[in-house]
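The sequence and the model are shown first.

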Amino acid sequence: MNQPTPQRRRRRAFDWSTAVIAVLSGSAALAVYWRDGAERFLAVLDTDLLLFAYMVPKVLAGCLIGGFVALLLPREQVARWVGHESGMTGLLIAMAFGFILPGGPFTIYPIAAAFLLIGADAGTVVAFIVSWTLIGYTRALVWELPFFGADFVFWRVVMALPLPILAGLLARLAVRAGFPVKSTGPTDKAP
Amino acid sequence: MMLAVDLMLWLFVVALALAAAMRGRLLLVQGTRAGVIDFLHLLPRIGIGVIGAGYIAEILPRALIAPWLGAESGLTGIVIAVLGGALTPGGPVVGFAIGAAALKGGAGAPQVIAYSTAWALYAVHRLVLYEVPMMPARVVWLRALVSLPLPFIAAGAAILIGKP
């Protein structure tokens, strides 16, 4: 029975990004109120609150799926699967896991580093990271959907579908052309 | 359509919860807890960002956005968007709020796709702060290098297909 490894918590109640956006938003809201009056102010609020309320159940579902997948799919197992594949299959599997695995940079990059340690080539690792970045479902579901709406996100993801494979192939080409991926050996950082 | 998506998502949640429960009550509780904590952590941030983006879009000067980032701005707009994405600092709230505000404020969809793809792939501060400390540096640079054309490809595809 594999005990889920507790993820490193990096949770603060306050973060600068949100604070900056909150200040910007507050100023913009005041400016709208002052320039266009209360009616316009409320109209904007109404539209966005509705959009937000509409997305809340999806955000919750996305978070729960992420919580369960992280527990059910032990990362050692994933690393073993990806590390031993090569060729096109390796890229496709890496892309699939990039899509499936939840979590932020603090979970994803250590997994990618583990792939390398276990023997995956740089192209596979690149495909994995690009896939997680561009088509990972938690990101699309939890973050992008509330901001952009379903139509935009759907098409954005469709355009991005070939990109992880393409990036992986480009990385392999670069390595074959002499890009120095293997470096100083033991001093290479790994988690 | 949206209802079907919701239904599918929640069926998926139930299936995963069952799979977890079958492997022990503890796993079910832990998974639910992790998900709910994540949700509570993210909800105010997303809320501020989504509502803020609406107001920021209202005060953006449309007359300025349209020629530089509008649907007619073509490759110039895409290049500006990619540079903007690479240089946007901060966490996801910032990137998504700016992208959404630009879209509402008159930027073209391909340009916004270029922005958010570039921001996701090679926002400079994220490479340096997160990726390099956790991965062999040369692989990070290789990843960044091969990522360079990707936002242009995504935006080009959006122009070709004419969606969204």
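A residue counts as buried if 20 or more other C-beta atoms lie within 10 Å of its own. In this predicted model, buried residues make up 45% of the 191 residues in chain A.

**Chain A**

Chain A has nine helices and zero strands, and from the N terminus on its elements run α-α-α-α-α-α-α-α-α. Of the contacts in chain A between residues at least 6 apart in sequence, 80% join residues at least 24 apart.

**Helix α8 of chain A and its surroundings**

Helix α8(A) covers residues 150-160. Its buried residues are Phe152(A), Val153(A), Trp155(A), Arg156(A), Met159(A) and Ala160(A). The cover over these buried residues comes from both chains: it includes α6 (122-135), α7 (137-148) and α9 (163-176) of chain A, as well as α6 (109-122) and α9 of chain B.

| Helix pair | Axes come within | Crossing angle |
|---|---|---|
| α7(A) and α8(A) | 7 Å | roughly 130 degrees |
| α8(A) and α9(B) | 9 Å | roughly 120 degrees |

On the side of α7(A), the contact is made by Ala140(A), Glu144(A), Leu145(A) and Phe148(A), and on the side of α8(A) by Ala150(A), Phe152(A), Val153(A) and Val157(A). By class, this contact has seven nonpolar, no polar and one charged residues.

The second pair joins the two chains, with α9(B) spanning residues 150-161. The crossing angle makes α8(A) oblique to α9(B), and α8(A) passes α9(B) in a right-handed crossing. Trp155(A), Met159(A) and Ala160(A) of α8(A) make the contact with Ala154(B), Ala157(B) and Ala158(B) of α9(B).

**The contact between the chains**

The contact between the chains takes 75 residues from chain A and 69 residues from chain B. On the side of chain B that touches chain A, the elements that give two or more residues are α1 (2-22), α2 (25-59), α5 (92-104), α6, α7 (124-134), α8 (137-147) and α9 of chain B. Among these, α2(B) gives the most, with 25 residues. The residues on this side of chain B divide into 47 nonpolar, 14 polar and eight charged.

Methods: Residues are numbered from 1 along each chain as its sequence is written. Chains are lettered from A and ligands numbered from 1 in the order in which they are written. This is a predicted model: local features need pLDDT of at least 70, side-chain atom pairs count only at pLDDT 80 or more; totals for chains, interfaces and linings use all residues. Axes are lines fitted to C-alpha atoms, for helices over the stretch in contact, and angles run from 0 to 180 degrees between N-to-C directions. Helices (H or I, at least four residues) and strands (E, at least two) are DSSP runs, numbered from the N terminus. Angles under 35 degrees count as roughly parallel, over 145 as roughly antiparallel, 65 to 115 as roughly perpendicular and the rest as oblique. A crossing is left-handed if the near helix is turned anticlockwise from the far one by less than a right angle, and right-handed if clockwise. Two residues are in contact if their C-beta atoms, placed from the backbone, lie within 7 Å. A residue is buried if 20 or more other C-beta atoms lie within 10 Å of its own, exposed if 12 or fewer, and partly exposed in between; C-beta atoms are placed from the backbone. Ala, Val, Leu, Ile, Met, Phe, Trp, Tyr, Cys and Pro count as nonpolar, Asp, Glu, Lys and Arg as charged, and the others, Gly among them, as polar.
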